[in-house]
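Work through the exercises below with the model open. Try each task before you read its solution.

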Amino acid sequence: MQNMKYILILVAGLAIQGNNAESASKIGSQWVEIDGKQYYFEMQNYADWHDAQALCERRNLTLISYQTVEKWNSIRNFLLLEPDFDMNLWSSGAKLADGQFLWRSTGEEVTYTDWATGEPNLPAGSEFCVVVSAFPNGWDDIECTDRWFASVCEEP
Ligand SMILES: *[C@@H]1O[C@H](CO)[C@@H](O)[C@H](O)[C@H]1NC(C)=O
């Protein structure tokens, strides 16, 4: 009987863990106005890069692009005010086979960057996508198929 109890506790624990991994953070998805522009922080559905794009498109939005230091600083300053935003967030940045980075939502070349120390660190030749984080600060190139990141959407 005692053993049964432990098994039940273990199963319940695993269920909770699985749930956390699949769905989401402590904070809900939310619209945030920053510098007069509306951004949708998709926190309820963690996704790989392609699914993150689809989640934004479902709302007629696109994955965010950080074309300027001002834009990144504004989003970053917002993230820094909220300890629960200590996570990786997808951007529309992606690397082409030739190693060049593009903002896929706008088709613009990535000119301004704020790579984390040691990034980007993955070789050319495969598809890599850009996540950003404010804790610690910086951008990172990772596999586009990596799952379970939140994302930020913006109006196209
Ligand atoms: C997206 O745009 C289409 C076409 O304008 C519109 O019919 C639809 O309601 C919009 N969806 C959302 C979630 O705003």
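**Exercise 1. Find what covers the buried residues of helix 2.**

Start with the ground rules. This is a predicted model, in which local features need pLDDT of at least 70 and side-chain atom pairs count only at pLDDT 80 or more, while totals for chains, interfaces and linings use all residues. Residues are numbered from 1 along each chain as its sequence is written.

Step 1. Locate the cover. It includes strand 2 (37-47), strand 3 (62-63), strand 4 (89-95), strand 7 (128-134) and strand 9 (149-154). Helices (H or I, at least four residues) and strands (E, at least two) are DSSP runs, numbered from the N terminus.

Step 2. List the residues being covered. Helix 2 spans residues 49-57, and its buried residues are Trp 49, Ala 52, Gln 53, Leu 55 and Cys 56. Buried means that 20 or more other C-beta atoms, placed from the backbone, lie within 10 Å of the residue's own.

Step 3. Look down the helix axis. The buried residues of helix 2 fall within an arc of 160°, so they line one face of the helix. The arc is that of the directions from the helix axis to the C-beta atoms.

**Exercise 2. Decide how many residues of strand 4 are buried.**

Step 1. Count them. Seven of the seven residues of strand 4 are buried, so the strand is largely enclosed by the rest of the structure.

Step 2. Recall the rule for side chains. In a regular strand they alternate between the two faces of the sheet.

Step 3. Sort the residues by side. Leu 89, Ser 91, Gly 93 and Lys 95 are buried on one side. Trp 90, Ser 92 and Ala 94 are buried on the other.

**Exercise 3. Work out how strand 4 pairs with strand 7, strand 9 and strand 5.**

Step 1. Two strands pair if DSSP finds at least two bridges between them.

Step 2. Take strand 7. It runs antiparallel to strand 4, and four bridges join the two. Leu 89 has Val 132 as its bridge partner there.

Step 3. Take strand 9. Here the pairing with strand 4 is parallel, over two bridges. Trp 90 is partnered by Ser 151.

Step 4. Take strand 5 (residues 101-103). Three bridges pair it with strand 4 in the antiparallel sense. Lys 95 stands opposite Phe 101.

Step 5. Check the turn. The hairpin of strand 4 and strand 5 has five residues between the strands, and Gly 99 takes a positive phi near 95°.

Technical notes
Buried ≥ 20, exposed ≤ 12 C-beta atoms within 10 Å, placed from the backbone. Contact = placed C-beta atoms within 7 Å.
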